[in-house]
Amino acid sequence: MHLNSTHALPPTDLGEEPLIRYLNQILIDAVLLGISDLHFEPYENSYRIRSRKDGILHETARLPLKLAPRLTSRLKILSNLDISERRLPQDGRFKIDDISELKGIDFRISSCPTLFGEKIVIRILEFLSKKFNIDDLGLEGFQKELLLNHLQKPQGLILVTGPTGSGKTRTLYSSINLLNSINRNIISCEDPIEIYLPGINQVNVNLKAGLTFANALRSFLRQDPDVIMIGEIRDLETASIAIQAAQTGHLVLSTVHTNSAVETINRLLHMGIPPYQLATSCSLVIAQRLIRLLCSHCKITSLLPQQFSPNLEPNQCKHCKLGYSGRTAIYECMPISTEIQNLILNNASVIELKHLAVKEGMWDLRRSALHKVELGISSLEEVYRVVG
């Protein structure tokens, strides 16, 4: 299947069965092409479908506006959503069970009312068909060794940070999948649960019912856990309980939305965590981003010596989209050493923390990204796009 192709425009008088087949084909193609998200967007005079491939949105089809309500209703029925509710956002999920050979693929759906109708976004959760392996994350050798060493510790707080869509979920699940064994009690609290892992006790946050991260964590501590995974630390209450758990013999893994490893320390301090608690409980902070990989079939020699660039000529390669195919992660891993603990206790600035972390051997995101360029697997243009 060609990555640069788009779906043929369906006639406006599609019956119910042809419409269902058309939508099924969109979903099948999206899975086969490795697309992560599908956007169904109504506008004043047209209905647009876009797909996100390797982090970049591309237009897939532009349909007559009269098809919008029918496609929206079909997606809502698949997800067990209320088709009569058009004024409020809704969230749901569905699974392919009887389409082609693609069984067991989960889709998470979100509807949002806009000016000209409901926009639908589908996230394709194809993780069930993939193995979560630390070796596949993109960590450099010394970064991987650092993470493995901290995962083997009986207690402590490991934080992964980065913007939405930077691969944090995969890093967390690869980590707890490594720890998943018969002699460990692993509990996770997520909003929402994206991936089902056998052997992990997973709890879905339900704010309407009063089940928050903090409430779930309090319950977890009475469930005799060895490892706790928290989807995200969003507030002081959740952060305080996570640190308490890390200080009382549990290994805790979670995420925080910041731009770098050192900024994560600053963020938690600004939330109100006392410096002495943070310094003694946090063991490792990881920041990450995803960068696109140059297509191995059509990458071209760059003007710079011993470097490559993407082939930007459209429709020239059947394996890629404008010179890129697939993504990998870049990391900065900051262990909380005794010297960094002292800086935290003395309320040091972000600049001082980063200076010491780099001095102790941390690669920041830029250096990690440039190393991928040196290896010939990504480009300088992609580094500038992702890390500036």
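Visitor: Which residues of helix α7 are buried?

Guide: In this predicted model, helix α7 covers residues 261-271. Just after α7 comes Gly-272, which takes a positive phi of about 120 degrees. Within the helix, the buried residues are Ala-261, Val-262, Thr-264, Ile-265, Leu-268, Leu-269 and Met-271.

Visitor: Which strands pair with β11, and in what sense?

Guide: Strand β7, residues 156-161, is joined to β11 by six bridges, and within this pairing Leu-157 has Val-252 as its bridge partner. Strand β10, residues 227-230, is joined to β11 by four bridges, with Ile-230 partnered by Ser-254. The strands that pair with β11 are therefore β7, in the parallel sense, and β10, which also runs parallel.

Visitor: What is the handedness of the crossover from β10 to β11?

Guide: Strands β10 and β11 run parallel, joined by four bridges. Between them the chain passes through helix α6, residues 236-247, in a β-α-β crossover that is right-handed.

Visitor: Which residues form a nonpolar patch on the surface, and what is their accessible area together?

Guide: One member, Phe-116, sits in the loop between β5 and β6; at 41% relative accessibility it counts as partly exposed. The patch consists of Tyr-43, Leu-115 and Phe-116, and their accessible area together is about 330 Å².

Visitor: How many disulfides are counted, and how far from Cys-295 is the nearest cysteine sulfur?

Guide: A disulfide is a covalent bond between the sulfur atoms of two cysteines. The cut-off used here is 2.5 Å between the sulfur atoms, and by this rule the count is zero. Cys-295, which is buried with a relative accessible area of 1%, is in no disulfide, and the nearest cysteine sulfur, that of Cys-320, is at a distance of 3.8 Å.

Visitor: Are Glu-41 and Arg-48 buried or exposed, and what is the N to O distance of their salt bridge?

Guide: Glu-41 counts as buried at 3% relative accessibility, and Arg-48 counts as buried at 16%, since buried means under 20%. Salt bridges that share partners also join Glu-41 and Arg-48 with Arg-50 and Lys-119 into one network. The side chains of Glu-41 and Arg-48 meet with an N to O distance of 2.9 Å.

Visitor: How many residues apart are Lys-372 and Glu-140, which meet in a salt bridge?

Guide: The side chains of Lys-372 and Glu-140 meet at 3.3 Å, N to O, and the pair links distant parts of the chain, with Lys-372 in helix α11 and Glu-140 in the loop between β6 and α3. Lys-372 is buried, with a relative accessible area of 6%, and Glu-140 is buried, with 11%.

Visitor: Which helices are linked by the salt bridge of Glu-237 and Arg-218?

Guide: The side chains of Glu-237 and Arg-218 meet at 2.1 Å, N to O, and the two residues are 19 residues apart. Glu-237 is partly exposed, with a relative accessible area of 40%, and Arg-218 counts as partly exposed at 34%. Glu-237 belongs to helix α6 and Arg-218 to helix α5.

Visitor: Where is a cis peptide bond found, and what is its omega?

Guide: Most residues other than glycine have a negative phi, and most peptide bonds are trans. Pro-192, in the loop between β8 and β9, is joined to Asp-191 by a cis peptide bond, whose omega is about -5 degrees.

Visitor: What is the phi of Asp-54, and what is the phi of Asn-80?

Guide: Asp-54 lies in the loop between β2 and β3 and counts as buried at 10% relative accessibility. Asn-80 is in the loop between α2 and β4 and is exposed, with a relative accessible area of 72%. Although Asp-54 is not a glycine, its phi is positive, at about 55 degrees; Asn-80 is likewise not a glycine, and its positive phi is about 60 degrees.

Note on methods: Residues are numbered from 1 along each chain as its sequence is written. This is a predicted model: local features need pLDDT of at least 70, side-chain atom pairs count only at pLDDT 80 or more; totals for chains, interfaces and linings use all residues. Side-chain values use heavy atoms; hydrogens and water are left out. Two strands pair if DSSP finds at least two bridges between them. A crossover is right-handed if, with the strands pointing away from the viewer, the path from the first strand over the helix to the second runs clockwise. Patches are made of residues with over 30% relative accessible area and no salt bridge: like charges are joined within 9 Å, nonpolar side chains (Val, Leu, Ile, Met, Phe, Trp, Tyr) within 5 Å. Accessible areas come from the Shrake-Rupley method with a 1.4 Å probe; for residues, only the protein chains shown count as cover. A salt bridge is a side-chain nitrogen of Lys or Arg within 4 Å of a carboxyl oxygen of Asp or Glu. Buried means under 20% relative accessible area, exposed over 50%, partly exposed in between (1.4 Å probe, protein chains only).
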